[in-house]
Amino acid sequence: MNPLLRSMSHPVIRSLGSFRCSSTYARGAARIGGKNKSSRHSLVSTIKKSPANRNKKDEPSSQIFHYGAFGGLKEINAQDSQKTAGILSKVTDFDQLKILPEVRTAVKKVISRETIAKSPDLTEASEKDIKPSPVQVAVIQKLSKTLTNRQLQVHMVAAETGSGKTMAYLTPLLDYLKRGEQDDPEGWDQIKDKAIVRSVILVPTHELVEQVYKTVKLNADLLGLHAFRWNMDTSYNDFIEAVKARIDLLVTTPGKVLNMFKVRIINRPERLLSGVRFAVLDEADTLMDRSWLEETHSAIKSFPNANHLIFCSATIPSEFSKTMDRLFPTSEAITTPKLHKISQKIDFKLIDASLNPYKGSKLKALAQALYAIMKDGTEEGFEKRCLIFVNEKKDAKKVAEQLTERYGHNCVSLTGEDAISERLDKISAFVNPPKRLNEAPSKLSDDSSKTVKREPTMLPNSNIKLTTSSSNLHGKKNTSLKVLVTTDLMARGLNFQGVRNVILFDVPKTSIDLVHRAGRTGRMMQGGRVFMIIDKKTKSWAKAVPKIVRNNKTLS
């Protein structure tokens, strides 16, 4: 039995108003994997606790906030977080991590280009200022100890949104590929010109294929590696031509991997994938959700010779944890101390639509919040962007149309019903850095050189207070606000660069949704604002969110 299957079967604004796995699936998965009984057993066996879950010692209950009336996030093993905290106190620089020099140089260069912790005027930050994030330290440190071992190693990586998880798993992956070339030159000579795939990164959506590939390609080019993305626009002929020259890093979805076995144009796909030694599942909680699980599981089994299998996520939902315990009971968890917490860099506010002047109209509250964001004096000289999340896709288009027609806002809606090409076009203004606006000086007056200090003022007939900074009257900058109204489809994994404002038009139903939606801003410890619109029907646990953010409590 190959090691992979063996593992599976192994036991503005400072104040605003007040698998389980069914036997049917198990039989289907067993058929996909062949007649091997142990493969079937892996899917129906009882849960065996992994070492990471034994002797569990949870956080004090006073530090955990139970959000929502539905199943949510798993309570994290405090011992794991304490262990990670100990590592973080000792390692603060990339030079302290066991990485090949050329990999370290490439990684720091890419991070310096992509980091949002820099002035919008700069194309990249200074490389000497680049430090590894907590999750990068934890993952690189852990994997480097047994990176080149031949047996299968399964890890579940979980860290807060916007913490640098892509580079956390990509760094050891790049290091593994380059060490394979250097440590075994004879073996490398045998495969370097063969049609083969050496590693795979699986993601749930084509938007994430584009985002992850962009980062992968930058690193690959610096290291002389061949990266390839298989998305909706990629033909089978494109893939065949690329694999002939060897694919070192393939970024795609599980469905695309399985399609290789369904078309005649690709001859013996199992041979192409036999060289996969390193596989990553990004946004693993989505990929291992029961609606995705059969497809994802089948894709994983097509990598029979994998040495490393990494499941990466910003949250560990309870169901995801149970699925991992059932299918990969020996997996090891790597978590960070801030997992399942909303960043304290986020200013989380409530807007009460039951107060005057809204009189119960959430739409009026939303429109006025957008107006306040546009006029608050922040992000001067740059185009502002705001994300609005709704619970139901039927509401996205309706809200966007009303904001546009009734209030004149520049809005677009995006749901799963949009074609992928449309979705990529709509999000482009939000996943790229903010555009600089052309300055348009207003007519000068006699006292135009005077500087006036502005006091915080209330918008007329509202409960929204604006605080604007001192400004010079000799000219006014243009203001522009782009708004994207969407669902949780856009809340997973996407890096909305420099988006400072998120509005939750509907109260998220679970702690999972809350963490992911709020995590579209305040990324990499940058500031951001989240406004949640509430009304008389809002439950007390939702109204308590600003307090639990201030008190740095863990969500569950």
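This passage walks through the fold and a few local spots of a predicted model. Residue numbers start from 1 along each chain as its sequence is written. Since the model is predicted, local features need pLDDT of at least 70 and side-chain atom pairs count only at pLDDT 80 or more, while totals for chains, interfaces and linings use all residues; side-chain values use heavy atoms, with hydrogens and water left out.

Of the 556 residues, 55% count as buried (under 20% relative accessible area, with exposed over 50% and partly exposed in between, using a 1.4 Å probe and protein chains only). The chain exposes about 25,000 Å², and 48% of that comes from carbon and sulfur atoms (Shrake-Rupley areas with a 1.4 Å probe).

Helix α10 spans residues 236-244, and its buried residues are F239, I240, A242 and V243. These sit on the same side of α10, because they cover an arc of only 165 degrees around the axis (the arc being that of the directions from the helix axis to the C-beta atoms). The cover over them includes β4 (227-229), β5 (249-252) and α12 (269-273). Just after α10 comes R246, with a positive phi of about 80 degrees.

Two loop residues are worth a look. D418 sits in the loop between β11 (410-414) and α18 (420-431) and is buried at a relative accessible area of 15%. Setting aside neighbours within four places in sequence, D418 is in contact (heavy atoms within 4.5 Å) with S413, R423 and K426. With K426 there is also a side-chain to side-chain polar contact at 3.4 Å (a pair of N or O atoms within 3.5 Å; within protein, one must be able to donate a hydrogen and the other to accept it, and residues adjacent in sequence count only if both atoms are side-chain atoms).

T538 lies in the loop between β18 (528-534) and α20 (540-543), and is buried too, with a relative accessible area of 12%. A polar atom of the T538 side chain is 2.9 Å from the backbone nitrogen of D535. Again leaving out neighbours within four places, T538 touches V507 and K543.

As for the cysteines, the count of disulfides (pairs of cysteine sulfur atoms within 2.5 Å) comes to zero. The closest cysteine sulfur to that of C386 is in C411, 8.7 Å away, so it is too far for a bond. C386 is buried at 0% relative accessible area, and C312 is buried at 1%.

How values were computed:
Helices (H or I, at least four residues) and strands (E, at least two) are DSSP runs, numbered from the N terminus.
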